[in-house]
Amino acid sequence: MMGGTPVHIRPMRPSDLDRVCAIEEEIFPMPWSRTSFEAELAADRCAFPWVVEKNGSVVGYMISWLIEDELHVGNIAVAPALQGAGIGRALFGHCLSAALERGVTRATLEVRVGNARAIALYEDHGFIPVALRKGYYSDTGEDALVMLKTIPSRDEAS
Ligand SMILES: CC(C)(COP(=O)(O)OP(=O)(O)OC[C@H]1O[C@@H](n2cnc3c(N)ncnc32)[C@H](O)[C@@H]1OP(=O)(O)O)[C@@H](O)C(=O)NCCC(=O)NCCS
């Protein structure tokens, strides 16, 4: 259950990058550079970047890509002080729904095998483990779990 003020989820814009990079650097051992985020915001990319705001401040973000009919999730993060309060669940669900509205038929992602919180979140949204990439993360050598969600097309579902 998410307490306090509701969150607001909207597409990421360049003016969000100070806050996004601060969260990224606080959380990840191998943070994306500001240049990487800027590239994702460039108009000709297939990136699908969103932020979540609480009390008018960016407190989380999710980068994914729409590649033909597939959504590939690259990164999701919530500011450490606000984790565990339902914000990541709200953001992930929103981005997934927005992708479904654009007609994706499957979604994929990689996650560290030890990241139980993220794996639980993805499983709750219908992702299932389909493969293991050995030693995928170069900082620790940790394996990546590849997860997949298939979405029946509207024709198949009816
Ligand atoms: C993964 C992450 C985005 C989830 O966001 P969050 O706001 O903390 O998560 P939520 O509060 O919405 O909880 C989502 C689910 O995570 C799990 N979870 C939450 N807090 C947890 C905890 N303390 N311990 C274990 N699982 C937990 C639960 O399954 C929860 O579902 P619930 O609502 O049924 O309890 C966030 O924790 C984060 O930024 N982590 C660091 C970065 C990261 O690992 N990103 C994912 C890989 S790219």
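Predicted model: local features only at pLDDT ≥ 70, side-chain atom pairs only at ≥ 80, totals over all residues.

1. The lining of the largest pocket is made up of 21 nonpolar, 8 polar and 6 charged residues.

2. On its extent, the largest pocket has a volume of about 1000 Å³. Its lining counts 35 residues, and those closest to the centre are Phe28, Ile76, Asn115, Ala118 and Tyr122.

3. Which elements give two or more residues to that lining? They are helix H1 (17–27), strand E4 (70–78), helix H3 (87–101), strand E5 (106–112) and helix H4 (116–124). E4 supplies the largest share of the lining, with 7 residues.

4. Now to the ligand: the space it takes is this largest pocket. E4, H3 and H4 are the elements that give two or more residues to the shell around the ligand. The largest share of that shell comes from H4, which provides 5 residues.

5. How many residues surround the ligand? There are 19, and Val78, Gly86, Gly88, Arg89 and Asn115 are the closest. By type, the shell divides into 11 nonpolar, 6 polar and 2 charged residues.

6. In one, an N or O atom in the side chain of Arg89 is 2.5 Å from an oxygen atom of the ligand. In another, a backbone N or O atom of Ile76 lies 2.8 Å from a nitrogen atom of the ligand. The backbone also takes part at Ala85, where a polar atom is 3.1 Å from an oxygen atom of the ligand.

7. Finally, on burial: how much of the ligand does the protein bury? Taken alone, the ligand exposes 920 Å², and the protein buries 70% of that.

Note on methods: Residues numbered from 1 in each chain as written. Heavy atoms only, no water. 1 Å grid on protein atoms, 1.4 Å probe; cavity = no way out; pocket = protein on both sides within 12 Å on 5 of 7 lines; lining within 4 Å. Points joined across faces, edges and corners; volume = space filled by probe spheres on them. Helix = DSSP H or I, 4+ residues; strand = E, 2+ residues; numbered from the N terminus. Nonpolar A, V, L, I, M, F, W, Y, C, P; charged D, E, K, R; others polar. Near = heavy atom within 4 Å. Polar contact = N/O pair within 3.5 Å; in protein donor to acceptor, adjacent residues only side chain to side chain. Areas by Shrake-Rupley, 256 points an atom, 1.4 Å probe, with all protein chains shown as cover. Sits in = over half its atoms within 2 Å of the grid points.
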